[in-house]
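This report describes the fold, the nonpolar core, the salt bridges and selected surface and loop residues of one protein. The sequence and structure are shown first.

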Amino acid sequence: MIQGSVVALVTPFLRDGSVDLKRLDALVDWQIACGTDAIAPCGTTGEAVTLSAAERAQVVTRVVRRARGRVPVIAGTGSNSTDATVALTRDAR
């Protein structure tokens, strides 16, 4: 059961528009150090809608690897398209 504070993690970007993976790692570590109970990357109320499917997969994979089982990761897979949501959910699994 997931309970407590679940952080909707922001996706940091570099000036060229690519995902800032170094900063993403730092955000995961910082959230865990601050006591969050779970992390939710690529939520539907943030910038995830502007990411490609490949970028979303990259972010979720990176967050899962960085969290290393220290906290649950709840992958944001929602979109405005049911087909896209199903595909993103399968990829996140």
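## Ile32 and the nonpolar core

Beyond its neighbours within four places in sequence, Ile32 is in contact with Ile39, Ala67, Arg70 and Val71. The model in which these contacts are found is a predicted one. Ile32 belongs to the largest nonpolar core, which has 15 residues; the members that touch the most others are Leu9, Val28, Ile32, Ile39, Cys42, Val59 and Val63. Helices α1 and α2 (53–67) each contribute at least two residues to this core.

Gln31 is a residue of helix α1, which covers residues 21–33. Its relative accessible area is 14%, so Gln31 counts as buried. When neighbours within four places in sequence are left aside, Gln31 is in contact with Val7, Leu9, Thr36 and Ile39.

## Overall fold

The protein contains three helices and two strands, arranged along the sequence in the pattern β-α-β-α-α. The radius of gyration is 13 Å, close to the 12 Å that the globule rule gives for 93 residues, and the protein is therefore as compact as a globular protein of that length. Along the principal axes, the C-alpha atoms fill a box of roughly 35 × 35 × 20 Å.

Of the 93 residues, 32% are buried. The protein exposes about 5800 Å², of which carbon and sulfur atoms supply 52%. Among contacts between residues at least 6 apart in sequence, 63% join residues at least 24 apart.

The structure holds four salt bridges. One of them joins the side chains of Asp25 and Arg62, with an N to O distance of 2.8 Å. Because Asp25 lies in helix α1 and Arg62 in helix α2, this pair ties together parts that are 37 residues apart in sequence. Asp25 also forms a salt bridge with Arg66, where the closest N and O atoms are 3.7 Å apart. That pair again links distant parts of the chain, with Asp25 in helix α1 and Arg66 in helix α2, 41 residues apart. Asp25 counts as buried at 10% relative accessibility, whereas Arg62 is partly exposed at 30% and Arg66 is partly exposed at 28%.

A further salt bridge is formed by Asp29 and Arg70, whose closest N and O atoms are 3.0 Å apart. Asp29 lies in helix α1 and Arg70 in the loop between α2 and α3, so the pair ties together parts that are 41 residues apart in sequence. Asp29 is partly exposed, at 22% relative accessibility, and Arg70 is partly exposed, with a relative accessible area of 37%. Asp25, Asp29, Arg62, Arg66 and Arg70 are linked in a network of salt bridges.

## Loop residues

Cys42 has a positive phi of about 65 degrees and lies in the loop between β2 (38–41) and α2. Arg68 has a positive phi near 50 degrees; Arg68 lies in the loop between α2 and α3 (82–92) and counts as exposed at 55% relative accessibility.

Ser79 is also located in the loop between α2 and α3 and is partly exposed, at 30% relative accessibility. Not counting residues up to four places away in sequence, Ser79 touches Thr44, Ala84 and Thr85. The C-alpha atoms of Ser79 and Thr45 are separated by 9.9 Å, although these residues are 34 residues apart along the chain.

## Surface features

Ile2, Val6 and Ile74 form a nonpolar patch on the surface, and together they have about 230 Å² of accessible area. Val6 is placed in strand β1, residues 6–9, and counts as partly exposed at 40% relative accessibility.

Lys22, a residue of helix α1, is exposed, with a relative accessible area of 72%. Lys22 and Ala75 are 53 residues apart in sequence, and the distance between them is 19 Å, C-alpha to C-alpha.

Methods
Residues are numbered from 1 along each chain as its sequence is written. This is a predicted model: local features need pLDDT of at least 70, side-chain atom pairs count only at pLDDT 80 or more; totals for chains, interfaces and linings use all residues. Side-chain values use heavy atoms; hydrogens and water are left out. Patches are made of residues with over 30% relative accessible area and no salt bridge: like charges are joined within 9 Å, nonpolar side chains (Val, Leu, Ile, Met, Phe, Trp, Tyr) within 5 Å. Accessible areas come from the Shrake-Rupley method with a 1.4 Å probe; for residues, only the protein chains shown count as cover. Helices (H or I, at least four residues) and strands (E, at least two) are DSSP runs, numbered from the N terminus. Buried means under 20% relative accessible area, exposed over 50%, partly exposed in between (1.4 Å probe, protein chains only). Contact means heavy atoms within 4.5 Å. A nonpolar core is a set of buried Ala, Val, Leu, Ile, Met, Phe, Trp, Tyr and Cys residues joined through side-chain atoms within 4.5 Å. The radius of gyration is taken over C-alpha atoms; the globule rule is 2.2 Å times the number of residues to the power 0.38.
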